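Dear colleague,

Please find the structure below, handed over for your use. My notes on it follow directly after.

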Amino acid sequence: GNAFFGKLSDAKGRRAALLLSTSMFCVACLLIAFAQSALMFASSVWLLGFTIGGVGLVSFVLAAEFWAPRTRSLLGAIWHQFFSVGIMLLALLSHVLDTRGLSWRGIPLVIGVSGIWMVVVSTCCHESPRWLCSNGNTAQAMEVLHLVADYSGQTLPASAEMKVTAAKDASAAGSIGHMCRTMPTAKTTARVAAAWFLVGFAYYGISMDAANLGPSLPVSVFLSGLIEVPFNFAAQPILSRGRRWGTAGFFLVTGVCCCLTAVSWIPEWLELALAVTGKGASQGAFCAVYFLAAELFPTSHRNLGMGLASLCARIASTVAPFVVLLAEIWKPMPLVVFGTAAFLALCVVLPLRETSSSPLCDSIEEYERTEADHEGAFRRFEDTEHETELQTGSARE
């Protein structure tokens with residue numbers, strides 16, 4: 001679903017992909033609620049999983065392409081906060097149904113009916129001006145920009161039309177191969193995919209390992225969502241100071257907290273506090289990698305690239321439950337494994353380009369030039385550090 005809707009969004013537009021994915025999401029939830037056989041239930045669950053990737057990724061990219069770089073970190077904090085609140089509401093819904101002896105079918109029924117508002121909102125959304133520009137629809141892009149300016153009480157600069165006209169990308173709606181045509185872009189694409197795999201592995205694994213936080217499963221799920229709330233708020237000021245180092249910081253905290261739970265002499269309350277902090281920091285890291293992918297990839301391939309990255313995270317989430325079973329061998333082992341994954345992710349994201357103060361790339365050619373310049377600057381920095389070490393060694397001799 002991530003790859004499909006990513007490709008569809010880049011080819012046909014953010015709004016069309018969002019409308020289709022939200023509609024299929026509601027239908028899948030209602031089918032689960034009224035499933036009369038195991039085959040129908042399994043098929044409906046598969047359809048639901050297929051559409052979730054489209055709803056999440058396309059909505060984030062559509063919103064991110066409207067926000068300026070200096071305020072985009074606030075978008076991430078708000079956007080991910082809805083996920084955390086949704087986890088808590090789901091736990092409350094499950095508790096209410098359980099205490100009143102109602103069927104589990106009430107959960108997908110409530111979600112499906114309440115999700116109809118997503119379809120309504122999708123029909124009211126405007127298409128991304130960046131996507132319109134990359135596909136040559138400059139007139140429609142200017143119309144959207146004027147609507148946004150009028151709504152916010154601002155005046156659109158006269159130079160905006162010139163910038164919009166120059167933004168057309170001849171390679172719009174391409175493939176993953178286009179994002180790996182040069183060595184610098186291939187490295188960036190691989191690093192982003194690896195970061196998503198590792199953060200998905202750590203986040204979902206730690207969440208599953210935290211299933212015993214409360215006296216019952218609904219309480220544990222509620223607490224799991226509640227833990228994420230302050231870290232979502234913390235992500236905004238941290239990532240506004242730098243995407244790369246902010247992401248690395250979240251991975252560092254996740255790795256340290258998870259690995260410290262293996263220390264045998266620490267008290268039980270401290271072990272619980274470390275596990276909870278690691279869980280929250282992994283959510284902050286997940287929030288951060290969304291920015292890395294959205295701001296590194298070009299407009300013409302942004303949803304496709306994020307779809308690939310999200311696919312890697314979903315693959316990791318299928319592996320994580322088996323790691324949780326290692327607690328039968330040694331109780332702290334799952335958290336140590338997830339902490340090690342966070343340390344690996346830290347090493348993966350550090351060579352990436354900083355994007356907090358730079359405009360988004362619109363074309364694949366611009367993406368290639370930007371990554372090539374960053375690769376050259378990174379190599380010059382390494383050469384300078386090496387020369388400094390040699391000079392320091394010679395002076396000591």
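Lysine 279 counts as buried, because its relative accessibility is 1% and buried means under 20% relative accessible area, with exposed over 50% and partly exposed in between (1.4 Å probe, protein chains only). This is a predicted model, in which local features need pLDDT of at least 70 and side-chain atom pairs count only at pLDDT 80 or more, while totals for chains, interfaces and linings use all residues. Residues are numbered from 1 along each chain as its sequence is written, and side-chain values use heavy atoms, with hydrogens and water left out.

**Salt bridges**

The structure holds 2 salt bridges, each defined as a side-chain nitrogen of Lys or Arg within 4 Å of a carboxyl oxygen of Asp or Glu. In one, the side chain of lysine 279 meets that of glutamate 228 at 2.4 Å, N to O. This pair links distant parts of the chain, 51 residues apart: lysine 279 lies in helix H13 and glutamate 228 in helix H11 (residues 217–240). Helices are DSSP runs (H or I, at least four residues), numbered from the N terminus. Glutamate 228 is likewise buried, with a relative accessible area of 1%. Contacts of lysine 279 (heavy atoms within 4.5 Å), leaving aside neighbours within four places in sequence, include Tyr203, Ser207 and Glu228.

The side chains of arginine 243 and glutamate 295 also meet in a salt bridge, at 2.9 Å, N to O. Here helix H12 (residues 243–260) holds arginine 243 and helix H13 holds glutamate 295, 52 residues away. Both arginine 243 and glutamate 295 are buried.

**Nonpolar cores**

A nonpolar core is a set of buried Ala, Val, Leu, Ile, Met, Phe, Trp, Tyr and Cys residues joined through side-chain atoms within 4.5 Å. The largest has 55 residues, and Trp196, Tyr290 and Met306 are among those with the most contacts inside it. Helix H13 (residues 268–296) gives the most to this core, with 12 residues. A second, separate core of 10 residues includes Phe25, Ala28, Ile32 and Val119.

**Cysteines**

The count of disulfides (pairs of cysteine sulfur atoms within 2.5 Å) comes to 0. Cysteine 287 is buried, at 1% relative accessibility, whereas cysteine 347 is exposed, at 55%.

**Surface**

Phe66, Trp67, Leu74, Ile78, Phe82 and Val148 form a nonpolar patch on the surface, with about 540 Å² of accessible area together. Such patches join nonpolar side chains (Val, Leu, Ile, Met, Phe, Trp, Tyr) within 5 Å, from residues with over 30% relative accessible area and no salt bridge; accessible areas come from the Shrake-Rupley method with a 1.4 Å probe. Tryptophan 67 is partly exposed, at 31% relative accessible area.

With kind regards

Conventions:
Helices (H or I, at least four residues) and strands (E, at least two) are DSSP runs, numbered from the N terminus. Patches are made of residues with over 30% relative accessible area and no salt bridge: like charges are joined within 9 Å, nonpolar side chains (Val, Leu, Ile, Met, Phe, Trp, Tyr) within 5 Å.
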